[in-house]
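Open the model in your viewer and keep a selection panel at hand. The stops below are given in the order in which to select them.

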Amino acid sequence: MNCRFAHAFTALLITLLTACASVPPRPPTTTEGGVPIDATHTAKGQDSRVLFLVIHYTVADFPLSMKILTQQEVSAHYLLSDEPQPRIFRLVDENRRAWHSGASAWGPNKRLNSSSIGIEIVHPGFMQGPNGQRLYLPFPKAQIDALIPLVQDIVKRHEIRPERILGHGEVTPAYKEDPGPTFPWKLFADLGITPPWPDAARVAARRAVFEAQLPDAAWFQLALARHGYAVEPSGVFDKQTERVLMNFQMRYRPGDYAGQPDAESAALLWVLSNPMPAGATAPPAAPVAPLAPPDRPDPPPPPPAMR
Ligand SMILES: [Zn+2]
């Protein structure tokens with residue numbers, strides 16, 4: 001091929017390829033089942049069906065985790081292996097329901113399989129300590145390094161709100177506690193993936209107040225419910241409140257997650273419910289209130305009944 005012709009041919013090829021790349025895909029003319037439709041009009045009022053991201057651990061090794069999650073009546077959209085170079089397996093298409101959080105709730109949302117993406121992390125959970133206590137095992141750094149971009153990708157594509165990235169135990173506190181107290185929630189907060197971590201100075205200041213008078217069971221139940229946890233306002237420190245408080249502590253105070261009420265837990269809850277105004281640098285000097293108005297507003301404001 002002579003040189004001038006080759007250049008002309010290459011230029012033509014590039015033009016054609018560029019033209020192809022810039023042509024928007026044609027709207028379909030039939031449903032997937034072949035029924036004729038006109039899809040040229042697109043509604044403005046729409047969003048992803050995925051409102052939550054729920055993180056689990058499997059309490060099984062990799063082969064068994066894969067077997068359970070592909071061959072039994074439980075599943076997850078993603079399975080993250082515990083190999084030295086962890087692999088991410090998609091077991092369920094994101095447009096379909098995976099069966100990972102059956103009897104679950106967060107705020108007014110119930111049975112979150114319909115509105116969530118589930119990620120299962122291959123992890124043994126805990127070992128039995130010498131006194132029968134649970135010793136939760138850490139997550140390998142390589143696994144967390146693989147998880148972070150996956151979470152970021154899912155959250156971005158579905159516009160999942162940071163406060164809706166949750167652990168299984170948080171949405172099913174009665175009998176679940178995964179991903180457990182060793183999951184690095186603070187790292188996710190520091191990376192801006194989940195809401196800001198409670199400010200230590202504000203927690204300390206509020207803790208001193210609550211040490212003088214520990215709030216009662218009704219206060220804790222109201223605060224936990226306002227945060228999103230499903231807890232009945234029984235007015236007493238019962239088993240369900242202990243389970244919810246334990247899951248809260250596993251995330252925000254993993255050094256002590258006995259599920260018992262204390263001033264630090266109350267302070268953490270208070271600070272989470274009363275985020276610092278944007279741009280503020282000092283703790284607000286507001287007097288102690290039983291509990292401030294509902295926690296962070298719901299941005300953006302879609303018609304409430306529609307979501
Ligand atoms: Zn789980």
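A nonpolar core, as used here, is a set of buried Ala, Val, Leu, Ile, Met, Phe, Trp, Tyr and Cys residues joined through C-beta atoms within 7 Å. A residue is buried if 20 or more other C-beta atoms lie within 10 Å of its own, exposed if 12 or fewer, and partly exposed in between, with C-beta atoms placed from the backbone. The model is predicted: local features need pLDDT of at least 70 and side-chain atom pairs count only at pLDDT 80 or more, while totals for chains, interfaces and linings use all residues. Residues are numbered from 1 along each chain as its sequence is written.

**Whole chain.** Colour by secondary structure to find 9 helices and 9 strands; these are DSSP runs numbered from the N terminus, helices being H or I of at least four residues and strands E of at least two. Of the 307 residues, 28% count as buried.

Next, select the open sheet of 5 strands, ordered 3-2-6-1-9 with mixed pairing. Two strands pair if DSSP finds at least two bridges between them. At the edges are strand 3 (88–90) and strand 9 (165–167), each pairing on one side only.

**Strand 1.** Select residues 52–57, which run parallel to strand 9 and are joined to it by 3 bridges. Val54 has Leu166 as its bridge partner in strand 9. Towards strand 6 the pairing is also parallel, over 6 bridges, and there Ile55 is partnered by Ile119. Are the residues of strand 1 buried or exposed? Of its 6 residues, 6 are buried. Show the side chains: Phe52, Val54 and His56 point one way, and Leu53, Ile55 and Tyr57 the other. In a regular strand the side chains alternate between the two faces of the sheet.

**The largest core.** Which residues have the most contacts inside the largest nonpolar core? They are Phe52, Leu53, Val54, Leu80 and Ile119, in a core of 24 residues. Strand 1, strand 2 (78–80), strand 6 (116–121), helix 3 (141–158) and strand 9 each supply at least two of its residues. Strand 1 gives the largest share, 5 residues.

**Leu80.** Centre on Leu80 and list its contacts (C-beta atoms, placed from the backbone, within 7 Å). Leaving out residues up to four places away in sequence, Leu80 touches Pro86, Ile88, Ile119, Ile121, Val122, Gln143, Ala146 and Leu147.

**The other core.** Finally, select Val231, Leu245, Phe248 and Leu268, which are among the 19 residues of another core lying apart from the largest one.

Terms used
Two residues are in contact if their C-beta atoms, placed from the backbone, lie within 7 Å.
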